[in-house]
Amino acid sequence: MAHAISFEIRQLKKHHEFEEVVRLQREIWGFDDVELLPFRLFVVADKIGGQMLGAFDGGKMVGFCICIPGLKPGGKFYLHSHMLGVLSEYRNTGLGRQLKWKQREYALERDVDLIEWTFDPLEIKNAFFNIERLGATARRYTHNQYGTTSSHLHGGLPTDRLTAEWWIRSPRVEAIARNEPYQRPLPDAEIRVPMEIGDLKREDSRRALDVQSAIAEQFDQHFRAGLTVTGFDRDEDWGIYLLSHVA
């Protein structure tokens, strides 16, 4: 396990760097070739305002983060952070957090105030990171966004996703960036994910699917009622989404 490493994080511009990102996708997720983001996408994204970040330990690329430009109805420009990956031996080193804050830094320089990405609502550690460590919120749930994939990390389940909205100039995110406390809205509802879900995905796909379906139904119900995910708590048995009515 790597510890206390000083990583270089910078924009990727060269073809051989994009080719390395393709290789890292295969190593991190175990995707079949047909499911990899291709080299040409990175070339195009770089030309049209995308953000391609690589993390290096010495001369070795050990992580990356890819954004592509997006346009909301009404003409609002934002960045969609499509993929962030870190080699297994560099997990739990803070590298993922460093990549996201560097992503924010570059976005602010370009006068962008919103970055979005999707994440698996069953991944408790990732949910805590997105919501509590970064200050993202969520109010959209998509069923089986990518279909069933070949990745061992998805456990053969439908690829249901929450959309994280990272308003990078918001008081909440500004406070986290300064390592200051912030006041979470009082929750109006909770959605609980069992801590055993990782084991279920590996060992009992039927029960894992039942858990996923029940959680999806709750998100659908609460989002229809106008609630937003504004916090995330954990205890020994549960990961707990906190949902609130917010302006």
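How many aromatic pairs does the count come to? The count comes to 10 aromatic pairs, where rings of Phe, Tyr and Trp (its six-membered ring) pair if their centres lie within 6.5 Å, and planes under 30 degrees apart count as stacked, over 60 as edge-to-face and the rest as tilted. Select Trp-29 and Phe-64, whose ring centres are 6.2 Å apart with planes at 70°, so the pair is edge-to-face. Trp-29 lies in helix H1 (residues 15–29) and Phe-64 in strand E3 (residues 60–71), so this pair ties together parts that are 35 residues apart in sequence; helices (H or I, at least four residues) and strands (E, at least two) are DSSP runs, numbered from the N terminus.

This is a predicted model, in which local features need pLDDT of at least 70 and side-chain atom pairs count only at pLDDT 80 or more, while totals for chains, interfaces and linings use all residues. Residues are numbered from 1 along each chain as its sequence is written, and side-chain values use heavy atoms, with hydrogens and water left out.

Next, select strand E10 (residues 238–244), where 6 of the 7 residues are buried (under 20% relative accessible area, with exposed over 50% and partly exposed in between, using a 1.4 Å probe and protein chains only), so E10 is largely enclosed by the rest of the structure. Strand E8 (residues 189–194) pairs with E10 in the antiparallel sense over 6 bridges, pairing being assigned if DSSP finds at least two bridges between two strands, and here Ile-191 stands opposite Tyr-241.
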